[in-house]
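Subject: Structure for you to look at

Hello,

I am passing on a structure for you to look through. Please open it first, then read the notes below it.

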Amino acid sequence: MSSNMERRDFLKKAGIGTLALGAVSCAPRTIKKAASELPDPAAAPAPYRTGSMLRNYPGVGALGFGCMRWPMIKDENGNDVIDQAKVDEMIDLAMECGVNYFDTAPVYLKGMSESATAKALRRYPRERWLLATKLSNFQVTDKPYEDGVKMFRHSLEVFDTDYVDYYLLHSVRGQTNFSKRFLETGLMDFVLEQRRLGHIRNLGFSFHGNQIAFEYMLSLHEKYHWDFVQIQMNYLDWRHPERGNASAQFMYGELERLGIPAVIMEPLRGGALAGLPSSETFRLSAVEPGKSPASWALRFAAGFPGVLTVLSGMECMAHLEDNLGTFRNFKKLSASEMELLEEDAVNLHN
């Protein structure tokens, strides 16, 4: 296969968010302990026991657990359900190693993600984990305010908590989208009041849109005082975003200028940056032998000082272990390594 063909295939996969995690295999793994055995944070297994988890902000692990892709199994009726035992095992290891930010949403995995994540986290004291969930009010209903309030309160009920650490207006795309979902419905006033009461500790939004739309949302900062903003950022989208979207370089720069912490989603571009064409993989391996392509992408995203946490949707233990190896004893990219990733980004577009 030619390099040009590899790059075209890569960009096709990256554009549609195809999972391409061949570099780190999700081979079957035997669960070594009962889900009820809560781990001792001081007794993490090697090689994770050494070093410390990167924290750009006090109290928040720079590796965040994205809970949109949990391992699945078939139930007795042949339906796809979340494998709770594996979820428990992965969260146990994550907690042992300093991961404490867990990002989910009412709509993830057909509504199953919040429940599975909550079952695993509720085994731990509430102060040990940070909950990020969302107001995913995408459906047009006859009672948009009541339904939005119900969604928020259901999240609190599922997690058996009276507050959400990081609450997001889910997938804001522009002024019209924001107005119809949050302003005209009265839900913006509701979430602001919940923040005032302490039921929302930090209020922000996740963004998918162009530069003009992002500028509009940040123009509201003086009024709403965004506590954080979630953006798509990786070394491919840094200067070469998907058509029509704002560049990550612009979005991060504006957030840093305003002092708003950035939560990073899609650091691997839907998994594509974990399964690079062989030509790009060879270039990275020559510099850091034995390191996965995913580790390069995560080091890029986490190396900026204004990044609160980098979300990674880890489907299996192998992904989690690889990412833990990246964030413990974290090694920031050098100037020459940043240049190498920019060259790869250009190559992948040519």
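In this predicted model, the axes of helix α11 and helix α13 (residues 335–349) come within 11 Å of each other and cross at roughly 115°. Angles of 65 to 115 degrees count as roughly perpendicular, and α11 and α13 are therefore described as roughly perpendicular to each other. Their crossing is left-handed. On the α11 side the residues that meet the partner helix are W296, R299 and F300, and on the α13 side they are E337, M338, L340 and L341. Sorted by class, the residues of this contact are 5 nonpolar, no polar and 2 charged.

Two further helix pairs are worth a look.

Which way do α4 and α6 run relative to each other? Helix α4 covers residues 144–158 and helix α6 covers residues 187–197; they pack at an angle of about 30°, and their axes are 10 Å apart. Angles under 35 degrees count as roughly parallel, so α4 and α6 are roughly parallel to each other. The crossing of α4 and α6 is right-handed. From α4, the contact uses P144, Y145, G148, V149, F152 and R153; from α6, it uses L187, F190 and Q194. The contact of α4 with α6 has 6 nonpolar, 2 polar and 1 charged residues.

Helix α4 also packs with helix α3 (residues 112–121): the axes come within 9 Å and cross at roughly 30°. That makes α3 roughly parallel to α4. Here α3 contributes E114, S115 and A118, while α4 contributes H154, S155 and V158. By class, this contact of α3 with α4 has 2 nonpolar, 3 polar and 1 charged residues.

For the chain as a whole, there are 13 helices and 10 strands. Of its 350 residues, 54% are buried. Taking contacts between residues at least 6 apart in sequence, 81% join residues at least 24 apart.

In soluble globular proteins, nonpolar side chains tend to be buried together. The largest nonpolar core in this model has 92 residues, and the members that touch the most other members are F65, L169, F178 and W226. Helix α11 (residues 293–302) gives the most to this core, with 7 residues. Leaving aside residues up to four places away in sequence, F178 touches L169, V172, L183, M188, Y216, M217, L220, Y224 and W226.

A few single residues can be looked up one at a time.

Is D103 buried or exposed? D103 lies in strand β4 (residues 101–103). Its relative accessible area is 3%, and the cut-off for buried is under 20%, so D103 is buried. Leaving aside residues up to four places away in sequence, D103 touches F65, G66, C67, Y108, A132, K134, L168, Q230 and L311. One of these contacts is L168; D103 and L168 are 65 residues apart in sequence and 10.0 Å apart in space, C-alpha to C-alpha.

R239 is in the loop between β8 (228–232) and α9 (248–258). Its relative accessibility is 45%, so R239 counts as partly exposed. Not counting residues up to four places away in sequence, R239 touches Q249 and E342. R239 and F250 are 11 residues apart in sequence, and their C-alpha atoms are 8.5 Å apart in space.

D160 is not a glycine, yet has a positive phi of about 50°. D160 sits in the loop between α4 and β6 (164–172), and counts as exposed because its relative accessibility is 64%. S171 is not a glycine either, and has a positive phi of about 55°. S171 sits in strand β6. With a relative accessible area of 7%, S171 is buried.

Regards

Notes:
Residues numbered from 1 in each chain as written. Predicted model: local features only at pLDDT ≥ 70, side-chain atom pairs only at ≥ 80, totals over all residues. Heavy atoms only, no water. Axes fitted to C-alpha atoms, helices over the stretch in contact; angles between N-to-C directions. Helix = DSSP H or I, 4+ residues; strand = E, 2+ residues; numbered from the N terminus. Parallel < 35°, antiparallel > 145°, perpendicular 65-115°, else oblique. Left-handed = near helix turned anticlockwise from the far one by under 90°. Contact = heavy atoms within 4.5 Å. Nonpolar A, V, L, I, M, F, W, Y, C, P; charged D, E, K, R; others polar. Core = buried A, V, L, I, M, F, W, Y, C linked by side-chain atoms within 4.5 Å. Buried < 20%, exposed > 50% of the residue type's maximum accessible area, 1.4 Å probe, protein only.
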